[in-house]
Amino acid sequence: MALSLKKHAMPVQAPDVRAHNFDEVALGYDAETAVAEAERCLHCKKPLCREGCPVSIDIPAFIALIKERDFQGALAKIQEANALPAICGRVCPQENQCEKHCILAKKGEAVAIGRLERFVADCGLAAGEEVQPVKAAADAQKVAVIGAGPSGLSCAGDLAKKGYNVTIFEALHKAGGVLSYGIPEFRLPKEKVVQKEIANIEKLGVNIELDSVAGRLFTVDELMQDEGFDAVFIGTGAGLPRFQNIPGESLNGVYSANEFLTRCNLMQAYDFPHHVTPIKVGQHVAVVGGGNVAMDAARTALRLGAAEVTIVYRRSEAELPARLEEIGHAKEEGIQFQFLTNPVEVLGDENGWVKGLRCIRMELGEPDASGRRRPIPVEGSEFELPMETVIIAIGTGANPIVAQTTEGLATNKRGYIEADETTGATSKAGVFAGGDIVTGAATVILAMGAGRKAAASIDAYLQSKRAD
């Protein structure tokens with residue numbers, strides 16, 4: 001049988017159906033499709049796909065086990081490097097990482113590595129398979145992890161496997177970080193996937209303390225000096241909203257994407273009044289930005305009942321930073337796009353509510369520091385869009401609370417913690433950091449990779465302390 005150069009399609013809900021519900025869009029492979037997709041793998045002598053994986057999963061090995069229909073073995077192989085496989089199989093940008101390096105991609109489509117990872121992880125969740133706990137010794141050294149997002153969970157899981165006594169301190173009332181508050185239910189189910197994978201981290205022996213705001217209830221120094229923690233990992237993410245600083249951004253009906261998505265995902269406003277957090281979208285919604293968060297906000301607004309949702313992006317479609325899959329899904333669901341367009345003012349009515357968005361047309365000039373062509377306003381091209389809601393999704397910054405309350409912890413000019421790229425070590429002895437609080441907003445899997453690197457470094461640091 002000739003080798004197919006196209007990956008097997010992912011079954012999905014029909015666009016006209018899914019645009020009106022919060023059920024997961026992608027339905028997942030069945031066993032026969034997964035095995036057929038696994039059989040496309042060439043099992044190269046030098047598997048370049050592994051080079052693109054931030055957590056170094058043995059990709060050819062787990063795919064080979066799928067071909068043998070040993071799905072449990074395939075999951076165990078993934079879990080050697082990845083504590084959150086069902087999550088990563090759904091939200092990782094595989095097309096820019098492992099699949100980008102697949103040899104098949106040179107002549108056709110890469111092996112669907114992410115879809116295969118999701119398949120075996122979902123098999124494990126459906127079967128109720130549990131991770132094997134590692135009981136920490138009575139004299140085990142203690143590690144505090146600040147933040148129960150991807151980097152913190154990954155770091156904690158690796159340290160627990162090594163026998164450390166690990167406690168995660170999470171500011172919110174649910175663990176998961178961006179997995180819980182940022183990524184919508186229709187892309188990443190919370191009870192079915194996120195909470196189950198977090199439970200597996202806890203089963204390793206990790207203790208998670210919720211509603212624990214580092215820098216307010218306690219400081220990093222207090223954890224080490226008063227609570228007896230031998231090392232601290234900071235993985236607080238980058239959740240400080242950014243705005244454009246244009247007139248009208250304080251009007252009712254203007255949201256940061258963080259607030260909008262947190263209300264919907266963490267507070268479950270989409271199920272009001274069964275959950276008591278309200279949210280108002282109106283009939284016409286503008287989402288400013290072009291990344292994955294903008295796509296998530298736009299598609300969420302549509303599901304909340306908006307008649308028309310428009311993404312306003314200052315560059316052309318070619319420069320959109322969102323995943324192609326997410327852009328495609330948004331278009332299928334009827335999301336509109338205004339390219340080469342930038343807001344200059346949010347317009348309000350006499351009661352202080354949004355009634356429109358004044359914009360200006362843009363043209364592309366020379367490339368800027370990002371390598372993309374710089375958008376330049378076209379003089380005299382202003383126009384207005386009628387809107388009831390405006391959602392700003394132009395990125396996030398570093399929350400300063402932990403850095404401001406930790407003496408001797410160096411940060412850069414943008415407020416991110418300075419940490420060694422390889423080890424995660426900060427300027428403060430025994431304190432490590434990784435993920436978005438170091439790099440700025442990036443991907444889930446890159447944050448997890450940083451957490452794993454830091455865990456290895458913390459282990460080496462504590463072993464050397466014990467030897468002294």
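**Ring pairs and helix packing: a guided chat**

Visitor: How many aromatic pairs does the count come to?
Guide: Welcome! This is a predicted model. Rings pair if their centres lie within 6.5 Å. By this rule, the number of aromatic pairs comes to eight.

Visitor: Is the pair of Phe169 and Phe218 stacked, edge-to-face or tilted?
Guide: The two ring centres are 5.0 Å apart, and the planes stand at 55°. Stacked needs planes under 30 degrees apart and edge-to-face needs over 60.

Visitor: What kind of aromatic pair do Phe432 and Tyr461 form?
Guide: Their centres are 5.8 Å apart, with 65° between the planes. Since planes over 60 degrees apart have their own class, the pair of Phe432 and Tyr461 is edge-to-face.

Visitor: Where do Phe432 and Tyr461 lie, and how many residues apart are they in sequence?
Guide: Phe432 is in strand 16 (residues 431-433), while Tyr461 is in helix 16 (residues 444-467). The pair therefore ties together parts whose separation in sequence is 29 residues.

Visitor: Is Tyr461 buried or partly exposed?
Guide: Buried means under 20% relative accessible area. Phe432 has 6% and so counts as buried. Tyr461, at 23%, counts as partly exposed.

Visitor: Which residue has its charged end over the ring of Phe186?
Guide: Phe186 is linked by ring pairs into a cluster with Phe22 and Tyr270. The charged end over the Phe186 ring sits 3.9 Å from the ring centre, and it belongs to Arg303.

Visitor: Which helices are among those covering the buried residues of helix 4?
Guide: In helix 4 (residues 71-79), the buried residues are Phe71, Gly73, Ala74, Leu75 and Ile78. Their cover includes helix 2 (31-38), helix 3 (59-67), helix 5 (85-91) and helix 6 (113-127).

Visitor: What is the handedness of the crossing of helix 12 and helix 13?
Guide: Helix 12 (residues 292-303) and helix 13 (residues 324-332) pack at about 25°, their axes 10 Å apart. That makes the two helices roughly parallel. Asn292, Met295 and Arg299 of helix 12 meet Glu326, Ile327, His329 and Ala330 of helix 13. The crossing of these helices is left-handed.

How values were computed. Residues are numbered from 1 along each chain as its sequence is written. This is a predicted model: local features need pLDDT of at least 70, side-chain atom pairs count only at pLDDT 80 or more; totals for chains, interfaces and linings use all residues. Side-chain values use heavy atoms; hydrogens and water are left out. Rings of Phe, Tyr and Trp (its six-membered ring) pair if their centres lie within 6.5 Å; planes under 30 degrees apart count as stacked, over 60 as edge-to-face and the rest as tilted. Helices (H or I, at least four residues) and strands (E, at least two) are DSSP runs, numbered from the N terminus. Buried means under 20% relative accessible area, exposed over 50%, partly exposed in between (1.4 Å probe, protein chains only). A charge sits over a ring if NZ of Lys or CZ of Arg is within 6 Å of the ring centre and within 35 degrees of the ring normal. Contact means heavy atoms within 4.5 Å. Axes are lines fitted to C-alpha atoms, for helices over the stretch in contact, and angles run from 0 to 180 degrees between N-to-C directions. Angles under 35 degrees count as roughly parallel, over 145 as roughly antiparallel, 65 to 115 as roughly perpendicular and the rest as oblique. A crossing is left-handed if the near helix is turned anticlockwise from the far one by less than a right angle, and right-handed if clockwise.
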